[in-house]
Amino acid sequence: MTAPRYAWGARSLSRLHTCHPLLITLFERVIARPDLPLDLSVLCGHRTQAEQDAAVAKGASRLRWPKSKHNSQPALAVDVVPYVGGAVSWAWPHYHAVASVIRAEWAAMQAEGLVPAGVGLVWGGDWASFPDGPHWELSGLDDVPPPLAAARAGAR
């Protein structure tokens, strides 16, 4: 197995660590995968009310506080972008390239029993009405307590 090529920077880690343990584990595992085709950066995990209001004002979100999954603590959503040539990429081919790796890692976590039954991973890039390439969110967590120990135990 080839060694990982990428690692989270301090700012990305601080943002990622505002998220639900399943998202933290998923993206710690993703960044360590040797088959990850591009470096990644975390733009946003938890958003305060002021941050959510600003996101709505600039058109980056349609959801007002506290309706976004970024607004819970821990956040049930994270915005992760490809980092290409020293800058954030907004090119859809880059998002599709990393989405396949993220989905493969989620499937591995499910196979390892790290994901509670009924909990899903949704990619904003699949949304027809408001495609959002950076956005990844958890679904089905309404009645499931955060599996802190189980999720952290699966981190590589």
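Trp90 is exposed, with a relative accessible area of 56%, where exposed denotes over 50% relative accessible area, buried under 20% and partly exposed the range in between, computed with a 1.4 Å probe on protein chains only. The model is a predicted one, in which local features need pLDDT of at least 70 and side-chain atom pairs count only at pLDDT 80 or more, whereas totals for chains, interfaces and linings use all residues. Residues are numbered from 1 along each chain as its sequence is written, and side-chain values use heavy atoms, with hydrogens and water left out.

Trp90 is located in the loop that joins strand 3 (87-88) to helix 4 (92-111), and together with Leu43, Tyr83 and Val88 it makes a nonpolar surface patch of about 370 Å². Patches are built from residues with over 30% relative accessible area and no salt bridge, like charges being joined within 9 Å and nonpolar side chains (Val, Leu, Ile, Met, Phe, Trp, Tyr) within 5 Å.

The protein chain contains five helices and five strands, with helices (H or I, at least four residues) and strands (E, at least two) taken as DSSP runs and numbered from the N terminus. The order of these elements, read from the N terminus, is α-α-β-α-β-β-α-β-β-α. Of the 156 residues, 44% count as buried. Among contacts with a separation of 6 or more, 67% are made by residues 24 or more positions apart, a contact being defined by heavy atoms within 4.5 Å. In helix 3 (residues 49-57), Gln49 is partly exposed at 43% relative accessibility, and its C-alpha atom is separated by 7.2 Å from that of Pro66, which is 17 residues away along the chain.

Helix 2 (residues 21-31) is largely enclosed by the rest of the structure, because 11 of its 11 residues are buried.

A search of the whole structure finds seven salt bridges, each defined as a side-chain nitrogen of Lys or Arg within 4 Å of a carboxyl oxygen of Asp or Glu. One of them joins Arg29 to Glu105, with the closest N and O atoms 2.6 Å apart; this pair links distant parts of the chain, Arg29 being in helix 2 and Glu105 in helix 4, 76 residues apart. Arg29 is buried, with a relative accessible area of 0%, and Glu105 is likewise buried, at 1%. Arg29 also forms a salt bridge with Glu112, for which the closest N and O atoms are 2.8 Å apart. Here the link runs between helix 2 and the loop between helix 4 and strand 4 (120-123), where Glu112 lies, 83 residues from Arg29. Glu112 counts as partly exposed, at 46% relative accessibility. Arg29, Glu105 and Glu112 are linked with Arg33 and Asp35 in a network of salt bridges.

A further salt bridge is formed by the side chains of Arg103 and Asp126 (2.1 Å, N to O). This pair, too, links distant parts of the chain, with Arg103 in helix 4 and Asp126 in the loop between strand 4 and strand 5 (135-139), 23 residues apart. Arg103 is partly exposed, with a relative accessible area of 36%, and Asp126 is also partly exposed, at 47%.

Terms used
Accessible areas come from the Shrake-Rupley method with a 1.4 Å probe; for residues, only the protein chains shown count as cover.
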